[in-house]
Amino acid sequence: MMREVAARGKYAPLFRHLKGLDRSEWHVSFDEVEAVLGFRLPPSARIYRPWWSNSKLAGGHSHAFAWLAAGWKTRSVDLEKENLVFSRQESSSGKHVRGDDRRKFSLDRILPRHDPGPWPKDFRSSRSEIYGADDR
């Protein structure tokens, strides 16, 4: 089902591109992803690292379905440099996973590990900014 949604959705060009790659990693810029898609990424892709998360649970996004259904995941997202790495998923046997071919329970598949990459250089935050000045 997920594969069918990914193959027909807005991000289908990315799904097809990843399915056709014959390598285990694709180091790519946001501009290169846009070239594959044929349209600009939404502003949130450049601002919010969670846009690139590998979640396919309820509430997942069509863009994530595209790479997950193709058997890939994202890692090392660098918002400042606007680049990331797509990595082909592998099964516990070390063989490449082909989208929905995984049938056994896997906590890593449900709650995938995610390397968010570095924080932007000038990022600063404080407890009062997050929780409000009066919270203790």
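Helix 3 is followed by Gly 38, a residue with a positive phi, near 90 degrees. The model in which this feature occurs is predicted. Within helix 3, which spans residues 30-37, the buried positions are Phe 30, Val 33, Glu 34 and Leu 37. Viewed down the helix axis, these buried residues fall within an arc of 100 degrees, so they line one face of helix 3.

The protein as a whole contains seven helices and three strands, arranged along the sequence in the pattern α-α-β-α-α-α-β-β-α-α. Of its 136 residues, 33% count as buried. The accessible surface comes to about 8800 Å², and carbon and sulfur atoms account for 52% of that area. Among contacts between residues at least 6 apart in sequence, 57% join residues at least 24 apart.

Strand 3 pairs with both of the other strands. Strand 1 and strand 3 run antiparallel and are joined by five bridges; in this pairing, Val 28 has Leu 84 of strand 3 as its bridge partner. Strand 2 is likewise antiparallel to strand 3, again over five bridges, and Thr 74 stands opposite Phe 86 in strand 3. Strand 2 and strand 3 form a hairpin with four residues between them. In the turn of this hairpin, Glu 82 has a positive phi of about 55 degrees. Strand 3 is mostly covered, five of its six residues being buried.

The largest nonpolar core comprises 25 residues. Those with the most contacts inside this core are Leu 18, Trp 26, Leu 41, Trp 52, Trp 67, Trp 72 and Phe 86. At least two core residues are supplied by each of helix 2, helix 3, helix 5 (62-69), strand 1, strand 2 and strand 3. Helix 5 makes the largest contribution, with five residues.

The surroundings of Phe 86 can be described in more detail. Leaving aside neighbours within four places in sequence, Phe 86 is in contact with the tryptophans Trp 26, Trp 52, Trp 67 and Trp 72. Further contacts of Phe 86, under the same exclusion of sequence neighbours, are made with Leu 14, Leu 18, Val 28 and Val 33, and also with Ser 24, Glu 25, Lys 73 and Thr 74.

Notes:
Residues are numbered from 1 along each chain as its sequence is written. This is a predicted model: local features need pLDDT of at least 70, side-chain atom pairs count only at pLDDT 80 or more; totals for chains, interfaces and linings use all residues. Side-chain values use heavy atoms; hydrogens and water are left out. Buried means under 20% relative accessible area, exposed over 50%, partly exposed in between (1.4 Å probe, protein chains only). Contact means heavy atoms within 4.5 Å. Accessible areas come from the Shrake-Rupley method with a 1.4 Å probe; for residues, only the protein chains shown count as cover. The arc is that of the directions from the helix axis to the C-beta atoms. Two strands pair if DSSP finds at least two bridges between them. A nonpolar core is a set of buried Ala, Val, Leu, Ile, Met, Phe, Trp, Tyr and Cys residues joined through side-chain atoms within 4.5 Å.
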